[in-house]
Amino acid sequence: MFNNWLRTNKFAMWLLTIIRVYIGYEWLTAGWGKLTGGGFDAGGFLQGAIANATGDHPAVQGWWAAFLEHAALPGVKLFNVIIPLGEFLVGLGLILGTFTTFAALMGLVMNAAFLFSGTVSTNAQMLLLEVLIIVAAANAGKIGLDRWVLPYLRGLWNKMTHKTNQDEGIEPTPLKKRTA
């Protein structure tokens, strides 16, 4: 019932737009600050998270610390690029309402990674709000570019699959509209 409300209700659409723009602004400004701040380096953060995996009550689980130590830290140059760029693009997607569900999912992944690394801050709050956007699916992006982008891409997809199926002598199956 709540799921249906999030996906179809006009009030929910407006509420999700406010949430989406707020989270988008948070991601955009965080990413922009790192991109233009003159040298973002995740190395110190990663080393701190690894150090927090020891003691009686570690803030970071051992399996995550092992990932950070053996994958993220050796690839810190890549992470120095994808973290700020990812934050900026997630923010831009959420603010513009373009690929909204995917942008919220990528934001959720980053928030989860920061939480796993022992950083609470606003990550838990943002993660919960991103879940609402993901569950709401297309309704979260109706007041945004998704209103035009998604139908356009669906049309392109249908044309491509129809043409491919005709070339193979297969009749396309008409898509049925889903009901919630």
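Colleague: How do you know that the length of helix α2, residues 10–36, agrees with what a helix should span?

Modeller: In this predicted model, the 27 residues of α2 should span 39 Å at 1.5 Å a residue. The end C-alpha atoms of α2 are 38 Å apart, which agrees with that expectation.

Colleague: What makes N9 the cap of the N-terminal end of α2?

Modeller: A side-chain oxygen of N9 lies 2.6 Å from the backbone nitrogen of F11. Just after α2, G38 takes a positive phi of about 85 degrees.

Colleague: Which residues of α2 are called buried, and what covers them?

Modeller: Buried means under 20% relative accessible area. The residues of α2 in that class are A12, M13, L16, T17, I19, R20, I23, G24, W27, L28 and G31. Their cover includes α1 (2–8), α5 (76–96), α6 (100–116) and α7 (123–136). For the chain, buried residues make up 32% of the 180 residues.

Colleague: What is the secondary structure of the chain?

Modeller: The chain has eight helices and zero strands.

Colleague: Why is the chain described as more spread out than a compact globule?

Modeller: The globule rule gives 16 Å for 180 residues, whereas the radius of gyration of the chain is 20 Å. That value is well over the rule, so the chain is more spread out than a compact globule. Along its principal axes, the C-alpha trace spans about 60 × 45 × 35 Å.

Definitions and conventions. Residues numbered from 1 in each chain as written. Predicted model: local features only at pLDDT ≥ 70, side-chain atom pairs only at ≥ 80, totals over all residues. Heavy atoms only, no water. Helix = DSSP H or I, 4+ residues; strand = E, 2+ residues; numbered from the N terminus. Expected span 1.5 Å × (residues − 1). Buried < 20%, exposed > 50% of the residue type's maximum accessible area, 1.4 Å probe, protein only. Contact = heavy atoms within 4.5 Å. Polar contact = N/O pair within 3.5 Å; in protein donor to acceptor, adjacent residues only side chain to side chain. Rg over C-alpha atoms; globule rule 2.2 N^0.38 Å.
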